[in-house]
Amino acid sequence: GAPAPSSSSLLPNGGGGGGVSSSSNSLNGNGNGNQVISETEFFFFHKVTKLDTLAGIAIKYNVQVGDIKLANGLHSDMSLYAREHVKIPKKKLPPSMYYKPESRSSGGG
């Protein structure tokens, strides 16, 4: 009896299809998709209570006070309390993730 011919086609390395590798490029697209990165990948979200201070939050999350200020556009503990949540950077932020005021124009200062 002859072996069933279909069994050989089930082997993963059978055939030399070249189309697979090209489709994977979209998964790690550097450049275009950066704006779409979800903030949760870069930030913890901390619910602000009356007991919180910038220093206390920084210690809790092991980050710099300045990083919290940068990420949220804060100036002091008072501006902290104006918010319900603050963003805590998980890692070194790219400049594109810094908090920016409304101005979208790239004009001079």
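**Burial, pairing and packing in a predicted model**

User: Why does Lys 87 count as buried, and which residues does Lys 87 touch?

Analyst: Lys 87 has its place in strand E2. Buried means under 20% relative accessible area, and Lys 87 stands at 15%, so it counts as buried. Leaving aside residues up to four places away in sequence, Lys 87 touches Glu 39, Phe 43, Phe 44, Phe 45, Ile 68, Ala 71 and Asn 72.

User: How is strand E1 joined to E2, parallel or antiparallel, and by how many bridges?

Analyst: Strand E1, residues 43–47, runs antiparallel to E2, and 5 bridges join the two, where at least two bridges are needed for strands to pair. Within this pairing, Lys 47 has His 85 of E2 as its bridge partner.

User: Why is the contact between Glu 84 and Lys 47 called a salt bridge, and what does the pair tie together?

Analyst: The cut-off is a side-chain nitrogen of Lys or Arg within 4 Å of a carboxyl oxygen of Asp or Glu, and the side chains of Glu 84 and Lys 47 meet with an N to O distance of 4.0 Å. The structure holds 1 salt bridge. Because Glu 84 lies in the loop between helix H5 (77–81) and E2, while Lys 47 is in strand E1, the pair ties together parts that are 37 residues apart in sequence.

User: How do you know whether Glu 84 and His 75 are buried or exposed?

Analyst: Exposed means over 50% relative accessible area; Glu 84 has 53% and is therefore exposed, and His 75, with 67%, is exposed as well. His 75 lies in the loop between H4 and H5, and its C-alpha atom is separated by 9.9 Å from that of Leu 54, 21 residues apart along the chain.

User: What is the angle between helices H3 and H4 called, and why?

Analyst: The axes of H3 (residues 54–61) and H4 (residues 65–72) come within 8 Å and cross at roughly 105°. Angles of 65 to 115 degrees count as roughly perpendicular, and H3 and H4 are therefore roughly perpendicular to each other. Leu 54, Ala 55, Ile 57 and Ala 58 of H3 make the contact with Val 65, Ile 68 and Lys 69 of H4. By class, this contact has 6 nonpolar, no polar and 1 charged residues.

Key
Residues are numbered from 1 along each chain as its sequence is written. This is a predicted model: local features need pLDDT of at least 70, side-chain atom pairs count only at pLDDT 80 or more; totals for chains, interfaces and linings use all residues. Side-chain values use heavy atoms; hydrogens and water are left out. Axes are lines fitted to C-alpha atoms, for helices over the stretch in contact, and angles run from 0 to 180 degrees between N-to-C directions. Helices (H or I, at least four residues) and strands (E, at least two) are DSSP runs, numbered from the N terminus. Angles under 35 degrees count as roughly parallel, over 145 as roughly antiparallel, 65 to 115 as roughly perpendicular and the rest as oblique. Contact means heavy atoms within 4.5 Å. Ala, Val, Leu, Ile, Met, Phe, Trp, Tyr, Cys and Pro count as nonpolar, Asp, Glu, Lys and Arg as charged, and the others, Gly among them, as polar. Buried means under 20% relative accessible area, exposed over 50%, partly exposed in between (1.4 Å probe, protein chains only).
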